[in-house]
Protein chains: 2
Amino acid sequence: MGSILSAAEDEEQEVLIRKELDSYVQPAISSSFPCDNVSEEENNLDSLFLAPSCFVFVPVAIGATLVAYLAPVAAGSGIPVIKCYLNGVKVPEVVRVKTFIVKAVGVVLSVVGGLAVGKEGPMIHCGAVIAAGISQGKSTTFRKDLKIFYRFREDHEKRDFVSAGAAAGVAAAFGAPVGGVLFSLEEGASFWNQTLTWSIFFCSMISAFTLNLVLSAYHNHPGQLSYSGLINFGKFDNISYSFVELPVYVLMGTIGGLFGALFNYLNHKLTVFRLRYLYLKWLQVTEASLVAMMTATVGFTMIYFSWDCQVLGSDPVEYALQFHCEDGKYSALGAIWFQTPEASVKSLFHDPPGSWTLTSLGIFFLFYFLLACWTYGLSVSSGLFIPTLLAGAAWGRIMGICAEWLFNGQDWVCPGKFALIGAASMLGGVVRMTISLTVILIEATGNITFGLPLMIVLMVAKWVGDYFNEGLYDIHVQLSSVPLLAWEPPPLSNNIYASEVMSHPVTTFCTVEKVGRIVETLTSEPHNGFPVVDSDEPASLSTNRTFGRFRGLILRWQLIVLLQHKVFNETAERQWANKKLTLNDFRDAYPRYPPIQRVHISPQEKEFSIDLRPFMNPSTYAVSHTASLPRIFRLFRALGLRHIVVVNDQHEVIGIVTRKDLARYRTWQHRGKMGLEELNIYVG
Amino acid sequence: MGSILSAAEDEEQEVLIRKELDSYVQPAISSSFPCDNVSEEENNLDSLFLAPSCFVFVPVAIGATLVAYLAPVAAGSGIPVIKCYLNGVKVPEVVRVKTFIVKAVGVVLSVVGGLAVGKEGPMIHCGAVIAAGISQGKSTTFRKDLKIFYRFREDHEKRDFVSAGAAAGVAAAFGAPVGGVLFSLEEGASFWNQTLTWSIFFCSMISAFTLNLVLSAYHNHPGQLSYSGLINFGKFDNISYSFVELPVYVLMGTIGGLFGALFNYLNHKLTVFRLRYLYLKWLQVTEASLVAMMTATVGFTMIYFSWDCQVLGSDPVEYALQFHCEDGKYSALGAIWFQTPEASVKSLFHDPPGSWTLTSLGIFFLFYFLLACWTYGLSVSSGLFIPTLLAGAAWGRIMGICAEWLFNGQDWVCPGKFALIGAASMLGGVVRMTISLTVILIEATGNITFGLPLMIVLMVAKWVGDYFNEGLYDIHVQLSSVPLLAWEPPPLSNNIYASEVMSHPVTTFCTVEKVGRIVETLTSEPHNGFPVVDSDEPASLSTNRTFGRFRGLILRWQLIVLLQHKVFNETAERQWANKKLTLNDFRDAYPRYPPIQRVHISPQEKEFSIDLRPFMNPSTYAVSHTASLPRIFRLFRALGLRHIVVVNDQHEVIGIVTRKDLARYRTWQHRGKMGLEELNIYVG
């Protein structure tokens with residue numbers, strides 16, 4: 001037992017998989033057991049198991065440590081945080097260089113450690129960080145300011161860049177530039193902006209092109225441009241379908257939806273458990289390492305107990321591992337396990353019928369499903385797409401083998417096609433994305449005709465899954481209590497009015513306000529925006545004016561910059577001749593403003609006044625107190641607002657509606673019933 | 001001379017082109033000259049020319065008559081009017097059944113008449129009409145009300161359906177479901193609506209699928225699904241590119257942009273001429289018939305004087321016509337002329353090098369370009385895509401032949417590829433669409449890798465073209481004086497404020513208003529929306545209140561329905577117990593309300609009052625008089641508004657901004673200079 005056949009047959013073909021295997025499976029296997037064909041004794045099995053365990057334990061532990069101690073936001077796939085960022089929520093540290101490094105290094109370590117993870121999600125996050133960095137021309141981590149791109153130093157501009165970066169990430173990951181654009185739109189867009197969309201499209205096209213160019217050059221085919229995407233599904237030459245198959249696809253969509261819902265349910269419970277008991281960093285690292293060991297153990301045990309041996313030579317398997325099979329045969333499970341997950345997905349799609357037995361596929365699916373579920377949410381950088389696709393491809397192929405028995409001799413039965421449908425439906429059942437996912441899969445298969453079955457499968461999987469719970473990304477977003485706004489206003493909310501939704505009483509400033517009151521308010525209140533009102537009575541420190549006439553809105557950071565530059569006067573009269581503040585003063589400070597505590601204001605200065613009128617936004621949006629929740633919701637979504645002032649019939653400020661106020665209302669929909677509930681949102 | 005070889009060589013292959021040829025070229029040729037191999041005398045040339053002239057004259061004259069007398073809105077490609085409709089402008093009769101019939105019959109007649117037109121644009125318009133019809137469940141033309149889909153009888157809902165229909169049209173025309181979605185988004189969307197987009201996507205996927213199914217069954221390959229799109233560009237098996245080629249593509253993009261600008265310039269002048277002198281219907285029919293004759297004449301003359309004879313048999317030409325060539329040879333120009341334009345495009349893309357001489361391609365391009373330019377804007381149903389692609393493919397192929405001389409022996413030089421690039425750049429130079437066009441072309445070629453060159457070419461063509469004039473669709477929209485809103489607010493407009501843009505004084509109604517005043521106002525003023533204000537002084541017939549406090553907005557048709565149902569009281573007090581008006585009363589009337597003159601109000605009733613409060617929209621958007629033009633613009637675009645009320649600091653109505661007020665500001669950009677101008681918009 002334990003002898004390894006390095007059955008390299010066709011050196012030229014599929015160099016990609018080979019190279020990747022060389023780089024990380026080989027060290028784990030061959031280096032510890034240099035090709036020995038001598039059958040060895042049982043005691044060798046320990047080392048067979050232990051040595052690789054070291055190889056998986058070390059990288060994963062390092063990766064988890066990096067994530068847990070340096071950049072917790074780099075954990076997981078990154079898609080949920082990008083989603084929040086594009087939705088308009090400020091998640092701290094999402095687009096920082098530190099996060100990028102931890103994410104990029106972390107995902108390499110996770111993959112090297114043999115976890116059930118993909119590298120596509122992190123790719124998208126990395127793309128977003130790079131884009132954000134480029135747009136700013138400065139890095140806080142490196143304390144470097146290139147003094148370029150001043151004009152992009154605004155939340156809005158930066159968000160546009162992040163959209164483009166995420167799209168470029170998708171384009172590179174799946175070779176799907178159009179899918180990338182649609183991903184950005186689906187996750188981030190509210191207002192369809194022609195120019196922006198075109199720029200994003202160009203960006204993702206260039207990204208796909210560059211990856212293709214580099215990969216082609218790497219594989220010694222420079223200029224051939226045939227390596228699109230980190231994962232592509234290979235060429236489905238003869239993939240066609242007929243009407244008969246559509247019911248089968250609907251059935252598979254249903255199964256995918258069920259498995260997806262189960263996956264999400266288990267992962268939800270697990271994440272709640274983690275949030276409650278595993279919040280200490282060293283515990284997180286320990287869990288990650290444990291999972292890595294477990295993954296290796298399960299893999300070896302599975303191979304050890306499997307008797308699915310296939311004859312060598314008839315198969316396109318690149319790295320045939322003999323294990324305990326007879327000479328001239330290789331372990332089918334070993335072949336699928338000792339590949340990158342990407343290569344395994346491709347094998348399941350394209351290997352000829354009979355490459356695996358039903359039992360080995362069943363066992364593989366069961367354990368891989370559980371491992372993937374356990375892995376997602378660990379404190380490591382890890383993508384969700386590939387493990388889900390792999391698990392789905394496994395049961396899809398099982399269905400394919402069953403269909404071969406049932407409809408013997410029919411043209412259309414082909415296990416590879418069923419594997420593809422299974423993979424799509426499983427992925428759809430877990431993430432519940434629709435438009436972009438369809439296009440990504442169409443582009444990854446490179447076949448437009450097959451778009452309709454994929455679409456139907458994804459739709460059915462989403463419907464079935466939605467009956468039980470939400471998509472996994474949404475579950476994670478919700479567990480992190482981020483006030484994400486959905487696409488549509490919650491149903492049943494037509495009779496909820498602004499006056500009920502708004503936060504009140506609201507702290508307002510007068511057009512000419514005492515410095516002391518501003519400092520006090522900023523210190524005591526966490527709000528980010530303050531309405532400026534006309535007030536007839538003189539400003540005094542203690543009155544909490546709520547019913548002044550609305551004149552404009554000023555933001556927290558604008559006030560802080562004003563205070564920093566001491567743009568105030570001894571008297572309330574207006575003499576600002578020599579206190580000029582340019583737009584660049586504001587932009588210089590972006591994106592990290594000091595807290596109010598760091599701004600030193602002398603007691604004497606506190607008696608001075610600021611005229612806020614030149615700095616406030618005089619034409620910000622305001623709604624009447626009679627506006628309904630859906631109407632406010634649409635304004636927020638369409639214009640990407642963070643807050644809107646509520647005025648009464650006399651145009652006096654009576655409240656303010658923030659994202660949190662809106663995100664609080666949430667429709668629950670459970671087994672066909674539906675209702676509206678108010679959630680507690682904890683984010684400060 | 002004039003003998004015809006019906007050289008049918010390969011019966012199985014390309015049945016599509018054959019069938020279409022059978023149906024309309026054959027009648028024009030073979031039926032009048034049953035295959036006679038005997039060389040005849042010169043006098044036969046008259047009949048050779050005259051007989052086909054009849055065959056082209058009659059259908060085009062019928063088509064033009066239908067369009068001119070029945071549905072003038074069905075003229076042209078239909079894309080500009082759909083664009084206006086989706087932009088929120090009400091163009092009369094765009095989505096009526098009558099228009100659909102004229103459009104569909106008209107395009108068949110135009111194509112049969114041999115005009116330089118395509119059927120893709122009309123296809124999109126037809127899709128839109130069908131969608132609008134389905135959504136309403138009733139037809140005014142047929143006086144039939146199915147009493148279903150009540151809830152879709154709103155402008156907004158109907159527009160969503162039209163989006164989906166247009167997308168389905170694109171999907172069917174080009175076999176490009178994703179391109180269809182993006183077309184709808186590019187032309188119509190303002191707010192990105194997840195559910196709507198997904199529905200549109202599904203719709204266009206089903207549309208592409210159905211077309212494929214029907215075409216496959218028609219061609220005796222049921223279930224094979226290999227006929228995607230009315231036009232597809234055929235299989236480019238070996239289409240790859242290298243870095244070296246990119247500059248060539250940029251050059252070709254430039255040329256395409258120049259040709260496109262020239263095309264648009266000529267067509268612009270022609271359209272202005274037509275608007276000025278050819279507004280009589282019979283003149284329009286005459287012009288269309290003249291163009292048809294001219295097209296036939298030019299075609300025959302070209303073939304007659306061309307000596308480009310190719311050897312039979314070596315070529316994939318389906319219908320080889322001998323004309324004056326020696327036996328065993330066929331006329332290259334005849335082959336390209338006696339095909340559907342779609343088939344000609346495909347020939348230029350795929351026929352082997354040497355199928356045409358430089359001279360014949362050059363002559364063909366010159367005349368086809370001029371004919372296409374003359375044809376577009378005629379009073380016939382005609383698409384623009386195919387003629388533009390064909391002209392572009394011709395000069396692209398010329399470039400390809402030149403490149404073969406220049407870079408002799410290089411792998412990448414292939415005339416077919418150059419024809420594709422030429423076609424794309426020409427189309428881009430004329431229509432100036434970006435995102436959707438790129439995706440449509442990617443889907444039509446079925447090759448994602450080649451997306452980047454296409455994108456670059458389209459981008460360069462657009463840039464170059466935009467330097468000279470606008471896209472052809474925009475030119476036609478502008479000439480029809482429709483207040484279309486662009487994507488972005490005009491630059492240089494930041495210092496234009498609501499108070500300058502708005503129309504004022506504005507006619508307002510009181511919350512409780514005299515019936516007489518409403519009737520009078522509706523009769524004398526054409527406006528569609530009226531602000532409702534609180535007013536302390538008693539309502540009197542003569543005062544033109546402008547400065548009441550803003551309470552809500554009521555629309556013209558709502559007022560008419562109220563008057564029709566006589567929802568008013570003798571006194572101003574509120575006693576509406578027995579005057580219930582349901583939403584269905586409003587929906588029943590949709591979409592055509594009687595003019596105010598048809599509503600009979602007795603002099604006595606004019607003294608009654610209506611309480612508008614239960615019917616007005618109380619939470620409509622209003623902007624402050626200090627709001628800038630770009631801010632108002634964005635509100636209009638993002639929320640699809642038709643008018644917005646301007647209020648002063650006291651929340652009193654001081655004006656109203658309509659689409660027309662915004663569309664009036666237009667940036668002109670001419671040879672690098674830029675400015676802002678106010679246009680006159682004539683639409684009532």
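Predicted model: local features only at pLDDT ≥ 70, side-chain atom pairs only at ≥ 80, totals over all residues.
Chain B is superposed on chain A by a rotation of 180° with 0.0 Å of shift along its axis, and the RMSD is 0.1 Å. The two copies are thus related as by a two-fold rotation axis. Both copies use the same surface, since 100% of the contact residues of chain B recur in chain A.

On the side of α16(A), the contact is made by I435(A), T438(A), V439(A) and I442(A). On the side of α8(B), the residues are Q194(B), T197(B), W198(B), F201(B) and M205(B). Six of the residues in this contact are nonpolar, three are polar and none is charged.

In chain B, three strands form an open sheet in the order β10-β11-β12, with mixed pairing. Strands β10 (622-624) and β12 of chain B stand at the edges; each has a single partner strand, so one side of each lacks a neighbour in the sheet. On average, neighbouring strands of this sheet are turned by 35° against each other, direction ignored.

The two pairings in the sheet can be taken in turn. β10(B) and β11(B) pair in the parallel sense over three bridges, and V623(B) has V646(B) of β11(B) as its bridge partner. Helix α23 of chain B, residues 629-639, packs on the sheet and touches β10, β11 and β12 of chain B. The direction of α23 makes about 145° with that of β11(B).

Strand β11 (residues 643-647) of chain B pairs with β12(B) in the antiparallel sense over five bridges. Here V646(B) has G655(B) of β12(B) as its bridge partner. β11(B) and β12(B) form a hairpin with five residues between them, and H651(B) in the turn has a positive phi of about 65°. Strand β12 of chain B, residues 653-658, is mostly covered, with five of its six residues buried.

In chain A, P505(A) lies in the loop between α19 (498-501) and β5 (509-510). P505(A) has a relative accessible area of 61% and is therefore exposed, the cut-off being over 50%. P505(A) and G655(A) are 150 residues apart in sequence, while their C-alpha atoms are 6.1 Å apart in space.

Key:
Residues numbered from 1 in each chain as written. Chains lettered and ligands numbered in written order. Heavy atoms only, no water. Contact = heavy atoms within 4.5 Å. Helix = DSSP H or I, 4+ residues; strand = E, 2+ residues; numbered from the N terminus. Nonpolar A, V, L, I, M, F, W, Y, C, P; charged D, E, K, R; others polar. Buried < 20%, exposed > 50% of the residue type's maximum accessible area, 1.4 Å probe, protein only. Pairing = 2+ DSSP bridges. Least-squares fit on C-alpha atoms with pLDDT ≥ 70 in both. Axes fitted to C-alpha atoms, helices over the stretch in contact; angles between N-to-C directions.
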